[in-house]
Amino acid sequence: MSLAPIAAIYARKSTDDDRQVDDNKSVARQIAQARAYAAQHGLQVPDDLVFVDDGVSGAEFRHRPGLLRLLDRLADFEALIVSEDSRIGRDAARTTIIVEQILAAGVQIHYYLTRQVQRELDAMQRAQLMLQNMFAEFEREKSSLRTRDALAIRAKQGWVTGGRVYGYDNVSVTGVAADGSPTRSHTDHRINPEQAAVVTAIFRMCADGWGTKAIAKALNLDPSGEYPALNLKYFGGRRVTAPRKGTGSWTASGVSEMLHRERYIGRLVYGRTRKRYQGGTQTRQVAEQEQHIEAVREDLRLIPQALWDEVQRTLQHRNQRWHDIRSPEVIPTAFTGRHTRYLLSGLMRCGCCGGSIVASSGTSGVAREKYTFYACSYRRNRGASVCPNHHTERAEILEPLLLGCLMRQVLTPEAIAAAVERALGSLASPSQGSNRTDQLQLLDKQLAAEQRRVDNLIDFIASGQVSAAVTEALAAAEQNKQALQSRRAELQQQLENTSDEPDLNAIKCQMIERTTSWKNLLEENPQEARKVLSILIDQPLTVEVVNDDDGGRAWKISGRVKANRLLPEETEACRINMASPRGIEPRLPP
């Protein structure tokens with residue numbers, strides 16, 4: 001008895017689909033209909049081959065995880081079931097390319113709404129598909145214009161255009177339909193008295209000279225230092241519930257955003273940015289000043305004008321001081337885009353709260369000597385009420401300890417020897433030439449397919465059907481063709497030089513020499529060491545606070561490393577464990 005063919009299901013819905021076919025209004029409905037179609041046609045659909053993109057536009061191709069996973073697993077199924085081709089995309093050129101990629105992998109596409117099966121894509125079918133998706137693209141753009149027009153009408157009245165803002169509630173307003181029956185008219189803002197009092201207290205605290213980090217810690221009722229007294233003074237001695245989204249705690253960045261929010265003085269501005277789809281993904285562009293829609297609602301004012309002006313002067317003064325005292329060499333990563341110069345920042349997570357363990361600087365002694373230490377970022381920036389982990393470790397102690405543990409438990413001589421032998425085996429493989437020949441044949445097929453795509457797009461443009469998407473697709477196809485040609489020339493050159501036998505003994509000596517110098521590399525070059533750690537570590541290391549033998553507090557660091565990056569494939573990922581007790585010389589566990 002033969003097994004049923006394996007099929008996959010792809011379902012997608014965006015907010016633009018609310019006005020479309022009923023079957024496309026819910027991904028759950030699409031999946032149910034696709035499963036019913038599979039049962040009727042003798043197709044087997046495993047649960048791990050159901051791919052979903054919910055709330056993703058059909059013009060988005062880069063940030064669509066469901067579709068990307070589907071394309072990565074084309075070799076695992078023989079048929080793909082979708083409701084219609086617009087589920088794959090609403091871009092004339094890119095949707096055609098995706099369909100060609102699926103069909104080229106030997107996968108049939110079943111459209112359950114029309115009961116059609118697509119097995120190939122000839123010139124006529126390609127033109128028909130592009131026309132269908134061009135109409136879908138036009139409909140998507142029209143739907144976007146209708147939505148924006150409706151939101152603009154609401155924005156002119158100062159009504160809700162989407163989302164929630166701390167300090168206000170969204171309230172549905174009921175109107176009267178033409179037949180006299182009640183109907184929902186729009187959604188309006190209404191001041192939330194409790195949240196409004198918090199907003200006012202935040203502004204008063206800033207005007208009194210407190211920074212955003214201090215305000216966040218006071219809101220979180222940090223029990224350390226002066227924050228309980230500040231909380232009592234400004235927020236009534238209670239921990240204030242944070243906005244709904246996020247980690248459930250107040251952050252300095254969130255407080256900063258609130259201090260700049262003009263809605264708190266009754267000024268609502270809509271349309272500062274515009275959504276665009278370029279290169280197959282959504283981008284945000286700053287709109288021209290004349291495209292902004294501004295509404296003034298004095299009934300929504302939370303902050304008196306005098307207090308607002310005082311806070312804005314304070315923020316401008318702080319910003320100017322920041323730029324005056326900071327040189328380019330010491331500006332944080334967020335301002336320069338540089339990678340951190342510290343070895344372990346971002347590679348460890350606090351076991352208490354899940355926040356990142358980051359490097360900070362401090363001073364000690366009468367001479368105020370500077371030193372670097374690692375601490376929980378949530379504890380430092382949000383307070384003890386968010387994370388109880390107050391323990392810190394000096395970088396000069398923690399970094400050599402972790403690298404030494406890594407060298408002893410992971411980068412062992414056996415692991416290095418296995419990696420060297422594995423690399424030498426690939427160099428000495430007798431099938432290397434045949435593999436390159438197979439790659440050349442595959443590249444020839446890909447080049448032929450890419451050339452056909454270029455020719456089709458040129459014919460499509462010549463017919464007068466010109467759009468920005470088609471032009472971008474043609475440029476992308478030309479770039480892909482050039483890249484394939486370069487790769488083919490490189491492989492051809494390698495194939496011609498396969499007669500030159502490599503000196504395996506010399507290569508082996510070089511590999512061993514370089515790998516034995518890893519420890520010095522890791523200790524002397526933090527940037528290179530971070531690259532090695534990011535490759536070996538399976539996920540961020542977990543930091544837990546434990547009691548040491550002397551009754552003090554210490555960090556226990558544990559995690560998993562991808563040992564198969566060095567060892568044979570059948571080797572499982574191993575664990576590393578280390579402890580950093582308080583004292584001058586930390587100890588490793590036996």
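Which residues of helix α7 are buried? They are Y227, L230, N231, Y234 and F235, in a helix that runs over residues 227-235. Buried means under 20% relative accessible area, exposed means over 50%, and partly exposed lies in between, with a 1.4 Å probe and protein chains only.

A word on the model. This is a predicted model, where local features need pLDDT of at least 70, side-chain atom pairs count only at pLDDT 80 or more, and totals for chains, interfaces and linings use all residues. Residues are numbered from 1 along each chain as its sequence is written, and side-chain values use heavy atoms, with hydrogens and water left out. Helices (H or I, at least four residues) and strands (E, at least two) are DSSP runs, numbered from the N terminus.

Back to α7. The arc is taken from the directions from the helix axis to the C-beta atoms. Turned away from that buried side are the exposed residues A229, L232 and K233. The cover over the buried residues of α7 includes α5 and α6 (212-219). Axes are lines fitted to C-alpha atoms, for helices over the stretch in contact, and angles run from 0 to 180 degrees between N-to-C directions. Angles under 35 degrees count as roughly parallel, over 145 as roughly antiparallel, 65 to 115 as roughly perpendicular, and the rest as oblique. From α5, V198, A201, I202, R204 and M205 meet L230, Y234 and F235 of α7. Contact means heavy atoms within 4.5 Å. By class, that contact has seven nonpolar, no polar and one charged residues. Ala, Val, Leu, Ile, Met, Phe, Trp, Tyr, Cys and Pro count as nonpolar, Asp, Glu, Lys and Arg as charged, and the others, Gly among them, as polar.

Next, α5 and α8. Helix α5 (residues 193-207) packs on helix α8 (residues 252-259) at about 95°, with axes 10 Å apart. The two are therefore roughly perpendicular. V199, I202, F203 and C206 of α5 touch V255, M258 and L259 of α8. The class count here is seven nonpolar, no polar and no charged residues.

Last, α1. The buried residues of α1 are V27, Q30, I31, A34, Y37 and A38. They span an arc of 125° seen down the axis, so they line one face of the helix. The face turned away carries the exposed A28, A39 and Q40.
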